[in-house]
Amino acid sequence: MKIDVLTLFPAMFAGPLDESIIKRAREAGLLDLAIHNLRDYTRDRHKTVDDRPFGGGPGMLLKPEPIFEAVEKLKREKSRVILLSPAGRPFNQAVARELAQVEDMLLVTGHYEGFDERIRERLADDELSIGDYILTNGALPAMVVVDAVTRLLPGVLGDDDSAKEESFSAGVAGLEYPQYTRPAEFRGMKVPEVLLSGNHAEIAKWRTHQAALRTKERRPDLL
Ligand code: 4FV
């Protein structure tokens with residue numbers, strides 16, 4: 001998969017996407033990630049990317065020219081151009097699975113009070129929000145999308161099974177069941193007997209029941 005990210009903060013991407021699973025996916029050529037600085041697509045010596053909103057109001061907006069220039073330069077035939085903003089459709093595991101099927105994404109991160117509307121109207125194929133809260137800029141949302149999508153790419157996670165049984169995965173409506181590892185007893189806290197029984201039918205029943213209980217308690221909206 002090829003992912004390009006357009007941002008005013010390229011340095012923010014150094015670190016989170018250079019470790020562990022994402023790093024291995026990039027080294028294995030399963031993910032081709034490129035970070036682009038929006039200021040490189042300005043033409044004035046002040047590298048201006050923002051301006052005041054027509055009609056007044058607080059803050060600044062991202063100007064159309066640099067973003068149009070950048071997207072028209074970076075976009076390929078199959079690129080899906082995705083804006084990151086609080087006005088986007090909710091990003092969740094189902095959307096991550098959908099995007100994992102896409103060959104080529106161009107993520108356009110927001111900043112200031114947001115985008116000039118003509119960017120949304122003319123350039124965006126899609127718009128995503130990672131949650132109903134306001135961040136200082138769209139860099140973290142872009143990293144969240146890159147991380148959630150990359151781990152679903154074939155060959156990225158060790159045994160592909162691990163992406164199957166987890167919370168929000170296809171066919172699993174709800175939260176994951178409680179899990180335990182050694183020691184079987186820790187500070188007087190014992191692992192549920194059924195998990196030590198080796199009786200896989202009983203274990204599966206217990207896990208399904210626990211997952212339903214936890215989902216009902218914490219996220220009835222998922223049921
Ligand atoms: C955001 C979100 C988000 C809003 C103002 C950047 C900030 C600034 N993006 N999901 N929530 N963006 O808060 O995607 O433009």
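I began with the secondary structure of this predicted model and counted seven helices and nine strands in the chain. I then looked up the radius of gyration, which is 22 Å. The globule rule gives 17 Å for 223 residues, so the chain is more spread out than a compact globule. I noted the span of the C-alpha trace along its principal axes as about 70 × 40 × 35 Å.

Next came burial and surface. I found that 41% of the 223 residues count as buried. The chain exposes about 13,300 Å², and I put the share supplied by carbon and sulfur atoms at 53%. For contacts between residues at least 6 apart in sequence, I noted that 73% join residues at least 24 apart.

I turned to the nonpolar cores. The largest has 29 residues. Which of its members touch the most other members? I listed Ile3, Phe91, Leu99, Met105, Leu107 and Val149. I then checked which elements each supply at least two residues of this core, and found β1 (2-7), α1 (20-27), β5 (80-90), α3 (93-99), β6 (104-109) and α5 (139-150). The largest share, seven residues, comes from α5.

I took Leu107 from that list and looked up its contacts, leaving out residues up to four places away in sequence. Leu107 touches Ile3, Asp4, Val5 and Leu6, then Ile82 and Leu84, and also Ala142, Val145 and Val146. I also recorded a second, separate core of 18 residues, with Leu6, Leu8, Ala70 and Leu74 among them.

The ligand was next. I found 17 residues surrounding the ligand, and the closest are Tyr112, Ile130, Gly131, Tyr133 and Leu135. A polar backbone atom of Ile130 is 3.0 Å from a nitrogen atom of the ligand. For Gly131 I again noted 3.0 Å between a polar backbone atom and a ligand nitrogen. For Tyr133, a backbone N or O atom lies 2.9 Å from a nitrogen atom of the ligand. I then looked up the area of the ligand: taken alone it exposes 370 Å², and the protein buries 95% of that.

My last entry concerns Ala212, which lies in helix α7 (residues 200-218).

Terms used:
Residues are numbered from 1 along each chain as its sequence is written. This is a predicted model: local features need pLDDT of at least 70, side-chain atom pairs count only at pLDDT 80 or more; totals for chains, interfaces and linings use all residues. Side-chain values use heavy atoms; hydrogens and water are left out. A nonpolar core is a set of buried Ala, Val, Leu, Ile, Met, Phe, Trp, Tyr and Cys residues joined through side-chain atoms within 4.5 Å. Buried means under 20% relative accessible area, exposed over 50%, partly exposed in between (1.4 Å probe, protein chains only). Helices (H or I, at least four residues) and strands (E, at least two) are DSSP runs, numbered from the N terminus. Contact means heavy atoms within 4.5 Å. A residue is near a molecule or strand if one of its heavy atoms lies within 4 Å of it. A polar contact is a pair of N or O atoms within 3.5 Å; within protein, one must be able to donate a hydrogen and the other to accept it, and residues adjacent in sequence count only if both atoms are side-chain atoms. Accessible areas come from the Shrake-Rupley method with a 1.4 Å probe; for residues, only the protein chains shown count as cover. The radius of gyration is taken over C-alpha atoms; the globule rule is 2.2 Å times the number of residues to the power 0.38.
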